[in-house]
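Hi everyone, thanks for coming along. Let me put the model up on the screen, and then we can walk through it together.

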Amino acid sequence: MRTLSRRHFLAASSAIALFIRSDKPVWAEDKPQAGGTLSVILQPEPVTLSPTNNMAQPTQTVAGNIFDGLVYYDFDLKPQPCLATSWDLARDGKTVTFHLRHGVKWHDGKPFTSADVKWSLENIWKTIHPRNKALFENVSAVETPDDFTVVLKFSKPSLPIFSVLNGVGAPILPRHLYEGTDILGSPYNNKPVGTGAFVFKEWKRGEYVLLERNPDYWDSGKPYLDRILFRIIPDPAARAAAVEKGEIQYAPFNAIPLRDVERFSQLPNVKIDRRGYDWISPLLYLDFNVENQYLKHQRVRQALAHAIDRNAMARIVWFGFGKPAISPVPSAVATFHDSTVPQYAFDPKKAEALLDEAGFKRGADGTRFAITHDYLPYGDDYRRTAEFIKQALHKIGVEVTIRSQDTAAFIKRIYGDRDFDLSLSWNSAFPDPQIGVVRAYWSGWLGTQTPWTNGSGYRNAEVDGLIQAAAVEGNPEARVADFKRFQQIVLTELPTLPLLEMQFFSVHAANLRDIVSQGDQTYSTLKNAWFDGKAKG
Amino acid sequence: MAFPDSLILSADGTGSHPRFALLRRLLRRPSALCGLVLMAAILAMAVLAHPLYPDDPLDMVAAPFLHPGTDAAFPLGSDMLGRDLAAGIFHGARISLLIGVVAALVSLVIGIGIGALSGYYGGRIDAGLMRLTELFQTIPPFLFSLAIVAILQPSIATITGAIGITAWPGLARLVRAEVLKLRHSELVEASISLGASDARIILLHILPNVLAPIVVSASILVASAILSESSLAFLGLGDPNVVSWGGMVGAGREVIRTDWYVATIPGIAILAAVLALNLLGDGLNDALNRKGQRR
Amino acid sequence: MRRYLRRSLWQIGIVVLGIATINFFLLHLAPGDAAEVMAGESGAATAEYMAALRQQFGIDQPLYLQFLRYVGHLLTLDLGYSFREGMPVAELMRQRLPATLLLMGSSTALAVSLGCVLGFMAARRAGKIADTVISTLALLFYATPVFWVGVMLVMVFSVALDWLPIGGMTSIEAGYRGWALAGDVARHLVLPAVTLGLFYLAIYTRLVRASMLEVYHLDFVRTARAKGVRPWRIATRHVLRNALLPVVTTLGVQLSSILGGAVLVETVFSWPGLGRLAFEALFHRDLALLLGILFCSSLVVVFVNLAVDLIYTLLDPRIELS
């Protein structure tokens, strides 16, 4: 389903980019039809529906429909107007002014104003938001000259904020419901009130989350769907069956076993769409514990990189839903991506030579040394990746013992106890390396036991300097240069091996149209989606 | 009549003639014969695993998703990573039987120990041990093993231990009841009056006489341990470093709709093993001349 | 009788306290805590955020304080609060309880009733073809992994034949009310109940068959036969009635194991029951919730077994409670 209605086509600022991506002609006569209930797979069940303190995918997928942001991101990851109709950046990069949309109402009928933005920035983005804290740290003052203007004053420039201003990246909460209460413990976290196209109706634990159409939505005529029903189906095979049978019409975030997707691509009643994950840019990587007696040698790390056939990994383990990664800054983040960094092609002979050089020769039993490998327990794909790596390293005489555990134990082991040798994980790079990439390399995180930061234990003063300089650099070109230098160093020293640029996908019913219309679609709203013809429900 | 012949025979296993009597009685029953043959086949697989498939069964040797019967070199096909399923089944027999037998042993040791002490001494010891047994009986056993494996992290040892440590209460009650019956028998009273130590009486005079129900329970325990291991693996709590049938079923569950054989072939192996052990248990039960077995 | 009850309740108290203690300390051995799970799922965290979570969850306190507080709450029948789910544990369990009772009740009813009938038939024709067929089938059901049966039933009856829904408990989007809702739930219930029931069906069939054969050898049956009572009457009035005693006992014992089986079935069929909730609570380190579920299921098992003892005296007046 890669067609877009003319309406959206013209509205989208990146129309040309879209046209190039489309592999089918645009059907100009397609007019969205209103009505129907859309059943969506939600996997796993979210912890909360508030996007303020939980960055987990299920929370954000639901919340994106309830909360509009200041902007949304098009397929080129450029911000487009949403609750903010326009914005200005001062020449020195230290003042940003947002002009807000008039006539927007919260789902409880209260008007949305600049005070909500100011309150959310000061009480959420700057304080408890797990990812934004560092980005909004340099905001020294927020001014609200009137109800529809917000002025941000920065002590130092902070350009990456322009990559996180959508509904879930910088969530705006209703001040009148939260002010003066315990934000983390608020009852509204589980029955959210937003400004978005869909209104929260009911959350039945273990079964579903139900949203209904917002009749007072500012974007008149939208949304087209009457209801969205997020269903919780724990078993992957059951999810695939539900999609195949049509009980579910939309399954984002790899909710279906990869093998089923291969078969689904042949079915007439379902379609597979790989777009809408551009904003996240997921990357699969292998952390080497640089404090390990073998892995502390750069040559050993490089040897292991040469031993892993990442093409085969993408093809066999991930069924083609991914491609070998070049750098921790994925190629989709085109502005910052450096394709000239050192590469580690699959070459077992070179790997063995490097290990010999490093002094780790094969013993009498053919083994050089033994290490452990922990993998992120997020499903069979990760376990199979670990099994693939184990067998690949076995071939060059490195014996790997895979250790499996649940999420809590994994995080404690890697980031708390640091009791591991190899660790497999993935992260979201986001459009600016400052948000998702550098946290894995900055030595400032070491010793803080903070999950999803520097897992390898890597310390490099130059890298630290580059990271800190780029964070407060007001000149975009200078930032790009900083990040390119950063990539050159970390791919030479290789504390972390980027494995694959993961290709997430959504499966949806063939008669469901315009399910992907933005670059941040899967974390955003389904207000543009509609059922063609025989509408359901 | 303190030593019914069949019991001694299976107890010391030295007298060749009476042992054959037991075997003969087993073979007379077609279902027990079936169980015996099946079990022999599974044991043969375990023994032949290394000679037939000397390489690591985890090696990716074939194209992924070879369906059974399409390639003569891989008669049972290959799984999603291209691992030979036949090699997995043969090597898996070793691990699955190992898990089953060791888990059953753990249960037997705890169950017999608690049951015998409780039944022999009675009184406060009995009351205390029975409270402990009730305690373990009220916690859902599968959920309990699930929690233990999740907490200690899945490996062959933790999986086996967790299954074994949750499966004994039924056996403890059974042994206690049997011991209670024997406690006041002439033989035991006589031994006590002769000044035999408690340990000696329990080990030499009482336990051999309750061996029949224990042997039958043991076969059932092995069978249910193999089933439990597969259930744990289905929920993602398997050991990825070794091949076991349960682990293979767990690995194949995601593709069960597209490539049914990946989970079904090891599933059939489990079914065969559990069936064989139950048939054997039933057969032993009858052959050991007990009228009915309550579980 | 009253003395028996008082002593039983006293023993139950000890057992229940023991369960709370074992669970609490076992679960606290688990590496990682609820804050780490939430941070893990978030894909981002700061030290301040983790500290705020830990304080909110009350897991920044020393272990013995947490334990004392837990036991204190239990004594006032307060199961605590699940911070992860943002809801009191009792409320969460109340939401899931109907689904669990429905699944367990229907699968147990199926297993016991059909098990008695099949066991009865097999025992009546012991050694004949019918016996062999029933016994073999029972053994096959017993030996097949539960989840495998579940997935195969879905493949046949939901995907291929399209007779029954794939999973869940209701067709939410249809918005059924009243009888239509009951019918809808019943349709969703068929496959999970049959899957879970088949395993226990095998157990009860074997049990009834074995204990009927045992009773057949007893003196009073021989007497009845000698007096010329019809075989059918002997089987139903004399033998089956007595053979039901072990069924009642087993029912009490199986009750705790069925929650474990429910974890698997609820996973396969997306059935929103307590088994699945417990499984997820374990992985989320939501200890208050997991403790609550284990605690309550233990309590139920204890009381059912008490009831079984009482039923025993009704079924067989010779047994006295002491």
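**Chain C, then a cavity in chain A**

Reading along its sequence, chain C runs α-α-α-α-β-β-α-α-α-α-α-α-α-α. In total that is 12 helices and two strands, taken as DSSP runs numbered from the N terminus (helices are H or I with at least four residues, strands E with at least two).

Before I go on: this is a predicted model, where local features need pLDDT of at least 70 and side-chain atom pairs 80 or more, while totals for chains, interfaces and linings use all residues. Residues count from 1 along each chain as written, chains are lettered from A and ligands numbered from 1 in written order, and side-chain values use heavy atoms, without hydrogens and water.

Back to chain C: its C-alpha trace spans about 85 × 60 × 40 Å along the principal axes. Of its 322 residues, 54% count as buried, meaning under 20% relative accessible area with a 1.4 Å probe, protein chains only.

Now, chain A. Which residues line the second largest cavity? They are A:Leu283, A:Tyr285, A:Pro328, A:Asn427, A:Val437, A:Ala440, A:Tyr441, A:Thr496, A:Leu497 and A:Pro498. A cavity here is a set of points on a 1 Å grid over the protein atoms alone where a 1.4 Å probe fits but cannot get out, and lining residues have an atom within 4 Å of a point. Strand 18 of chain A gives the most to this lining, three residues. Eight of the lining residues are nonpolar (Ala, Val, Leu, Ile, Met, Phe, Trp, Tyr, Cys or Pro), two are polar and none is charged (Asp, Glu, Lys or Arg).

Conventions
1 Å grid on protein atoms, 1.4 Å probe; cavity = no way out; pocket = protein on both sides within 12 Å on 5 of 7 lines; lining within 4 Å. Buried < 20%, exposed > 50% of the residue type's maximum accessible area, 1.4 Å probe, protein only.
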